[in-house]
Amino acid sequence: MSILQRTASELRQSLESGDVSAVELTTACVERISATEDRVGAFLRVDEKRALAQAAAIDARRAKKQPVGRLAGLPVAVKDLLCERGQLTTCASRMLADFRPPYDSTVVAKLKAEGAVLLGRTNMDEFAMGGSTENSAFQVTRNPWDLERTPGGSSGGSAASVAAGMVPLAIGTDTGGSIRQPAGLCGVVGMKPTYGRVSRYGLVAFASSLDQVGPMAHTVEDAALLLEAIAGHDQRDSTSLDEPVPAYTATVNQPLAGLRIGVAKEHFAAGLDAEVEQATRAALRVYESLGATVEEISLPHGKFGVATYYVIAPSEASSNLARYDGAHYGYRTDEREMLAELAGERKNMEAAGNRRGLDQLDSALVRMYRRTRAEGFGPEVKRRIMLGTYSLSAGYYDAYYLKALKVRRLIRQDYDHAFDEVDLIAGPITASPAFKLGEMIDDPLAMYLVDLYTVSANLAGIPGLCLPCGQTTSGLPIGLQLQAPILQEERLLRGARMYEQATDWHKQRAPI
Amino acid sequence: MAITRQDVEKVALLARLQLSEAELATMSEQLSQIVGYVDHLAQLSTDGVEPMAHAIEQRNVFRTDEVAMSLPREEALASAPHHDSRGYLVPAVLGE
């Protein structure tokens with residue numbers, strides 16, 4: 001068996017026992033990337049030289065019996081929106097195409113402290129806005145299971161990099177489903193922790209009350225390993241939870257006795273693909289065979305989740321992305337062209353006696369902002385900024401933003417009530433398997449509706465995980481989503497691992 | 001709910017975005033569609049429901065007021081599109 005077929009947990013043992021060296025493992029990953037990247041396009045940048053140097057350093061430490069971190073020698077791909085000092089962090093946007101942050105994000109600092117080999121930066125939807133990775137300003141990422149289809153998004157590059165066997169571990173981010181949905185569409189495990197479980201310091205912000213960083217891997221056991229390494233309180237993130245991090249890897253293989261699983265009746269409405277429904281129900285029967293009980297619950301406000309999310313997230317984004325104005329860093333429009341454009345407009349208005357136009361004409365600074373942002377941002381980012389600005393503007397704030405915040409509370413209350421009766425909620429991750437490239441790019445609303453099953457966890461702050469539970473007859477992965485109460489990552493991981501250990505879906509590999 | 005071209009122009013200015021003719025047209029159409037979908041939140045009664053901005057209760061977090069290293073000037077200016085080693089340079093704001 002090629003070493004790339006081993007899980008991260010197995011590789012960790014191989015590295016510790018000396019069966020495999022970090023350099024051998026990193027080299028194998030680099031070779032795999034060379035063999036498949038031109039077809040998949042998961043990476044924006046691969047840092048082969050630096051990765052091999054990091055791997056060699058770990059091997060040297062091990063040789064001298066010096067202590068190494070819990071990820072020592074394991075290659076990890078990182079979604080390109082976590083800052084690393086001096087390294088390009090582009091968020092797949094022209095706005096930050098040349099941006100090198102002056103500081104490390106906490107997550108990247110922790111990965112380095114734990115000895116991870118940072119192999120490269122993965123492709124994503126621009127500024128994490130999208131569900132297909134098609135909104136990247138730089139390249140397309142294809143689903144390793146079917147190269148005509150998207151890997152999902154916005155962490156599509158991270159999902160594809162694991163699915164194609166290029167790396168055993170990857171970091172994604174999830175604001176409305178952006179780890180869980182691509183994990184489901186690519187047949188890998190992806191988890192969004194409780195809001196505040198992982199520090200957002202140095203995570204380029206999309207929606208501050210929704211964003212979370214999380215692990216992506218082949219197995220739940222591997223996800224537990226990566227989560228343990230990155231979770232924890234951080235003084236520099238005021239929304240970070242001051243709660244100790246349980247030893248997830250110590251308990252993940254322990255099944256849960258008396259597990260009560262809730263299934264929301266609203267999750268099985270019209271529009272759910274028949275094969276997805278079949279695979280989901282089969283997964284529930286596996287749980288029953290393991291001694292769990294499955295009962296029906298209701299999440300009555302879930303149907304308002306997409307609308308609620310698509311008011312709150314764009315509103316927060318419109319505020320967070322205001323900083324990209326060309327003044328301090330990032331892209332700036334060509335000033336000479338900008339001034340010439342203004343001068344031309346002024347001249348035309350003077351000639352036409354257009355006093356009103358002249359009064360309202362942008363100042364040079366405002367025109368610099370407007371052109372910089374028009375040229376630096378892609379269409380989806382502009383759409384969400386516009387939507388958010390509209391929802392927050394005078395006259396609309398109450399009807400949209402404030403209203404959405406109230407529905408948010410109702411969505412959270414649904415979960416609180418459900419979790420009084422059950423321990424975990426299980427259901428589909430998406431209504432359909434991976435869709436074709438280009439299929440939804442011209443229909444933003446259709447694209448937003450793909451997030452149906454995932455947004456509520458972000459709105460409520462609860463943790464969620466997706467793991468493979470089947471395949472369509474055409475060989476596309478089907479994912480199962482599990483959700484747990486606030487700070488119950490241990491329960492979520494153990495519950496997911498129970499299913500994984502009783503099935504073989506996590507051992508399936510994309511035919512590439 | 002129809003979003004007019006004027007609405008889009010107004011919001012674009014607030015958002016500091018310059019939109020082309022084609023973009024103005026597409027944006028009106030797409031925003032109308034999305035806002036039309038979002039409008040169905042109005043069907044739901046939320047009387048007496050407190051808005052929830054954060055899923056986890058937020059408290060102000062303070063650190064002790066101690067002087068520590070901050071970002072050195074050269075590093076802060078390192079990514080600036082236009083600077084004069086002391087500060088960021090932008091088109092003149094006051095006077096023309």
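This briefing walks through a two-chain structure, chain by chain and then across the contact.

The model is predicted: local features need pLDDT of at least 70, side-chain atom pairs count only at pLDDT 80 or more, and totals for chains, interfaces and linings use all residues. Residues are numbered from 1 along each chain as its sequence is written, while chains are lettered from A and ligands numbered from 1 in the order in which they are written.

**Chain A as a whole**

- Chain A holds 18 helices and 11 strands; helices (H or I, at least four residues) and strands (E, at least two) are DSSP runs, numbered from the N terminus.
- The C-alpha trace of chain A spans about 80 × 55 × 45 Å along its principal axes.
- Of the 512 residues in chain A, 58% are buried. A residue is buried if 20 or more other C-beta atoms lie within 10 Å of its own, exposed if 12 or fewer, and partly exposed in between, with C-beta atoms placed from the backbone.
- Among contacts in chain A between residues at least 6 apart in sequence, 77% join residues at least 24 apart. Two residues are in contact if their C-beta atoms, placed from the backbone, lie within 7 Å.

**The core of chain A**

- In soluble globular proteins, nonpolar side chains tend to be buried together.
- The largest nonpolar core has 161 residues, and Val76(A), Val189(A) and Tyr310(A) touch the most other members. Such a core is a set of buried Ala, Val, Leu, Ile, Met, Phe, Trp, Tyr and Cys residues joined through C-beta atoms within 7 Å.

**A helix pair in chain A**

- The axes of helix H10 (residues 305–320) and helix H14 (residues 379–392) of chain A come within 7 Å and cross at roughly 100 degrees. Axes are lines fitted to C-alpha atoms, for helices over the stretch in contact, and angles run from 0 to 180 degrees between N-to-C directions.
- That makes H10(A) roughly perpendicular to H14(A); angles under 35 degrees count as roughly parallel, over 145 as roughly antiparallel, 65 to 115 as roughly perpendicular and the rest as oblique.
- Tyr310(A), one of the core residues that touch the most other members, is also among the H10(A) residues that meet H14(A).
- The contact of H10(A) with H14(A) has 7 nonpolar, 5 polar and 1 charged residues. Ala, Val, Leu, Ile, Met, Phe, Trp, Tyr, Cys and Pro count as nonpolar, Asp, Glu, Lys and Arg as charged, and the others, Gly among them, as polar.

**Local backbone features**

- A cis peptide bond, with omega about 5 degrees, joins Gly153(A) and Ser154(A). Ser154(A) sits in the loop between strand S3 (117–122) and helix H5 (156–163) of chain A.
- Cys91(A) is not a glycine, yet its phi is positive, near 55 degrees. This residue lies in the loop between strand S2 (75–79) and helix H4 (106–113) of chain A, and Cys91(A) is buried, with 28 other C-beta atoms within 10 Å.
- Arg16(B) also has a positive phi, about 55 degrees, without being a glycine. Found in the loop between H1 and H2 of chain B, Arg16(B) is buried, with 23 other C-beta atoms within 10 Å.

**Chain B**

- Chain B has 3 helices and 0 strands, and its C-alpha trace spans about 55 × 45 × 25 Å along its principal axes.
- Buried residues make up 20% of the 96 residues in chain B.
- The axes of H1(B) and H2(B) come within 9 Å and cross at roughly 100 degrees, and the two helices are therefore roughly perpendicular to each other.

**Where the chains meet**

- The contact takes 57 residues from chain A and 42 residues from chain B.
- On the chain B side, helix H1 (5–14) and helix H2 (21–38) each supply at least two residues, and H2(B) gives the most, with 7 residues.
- That side of chain B divides into 29 nonpolar, 9 polar and 4 charged residues.
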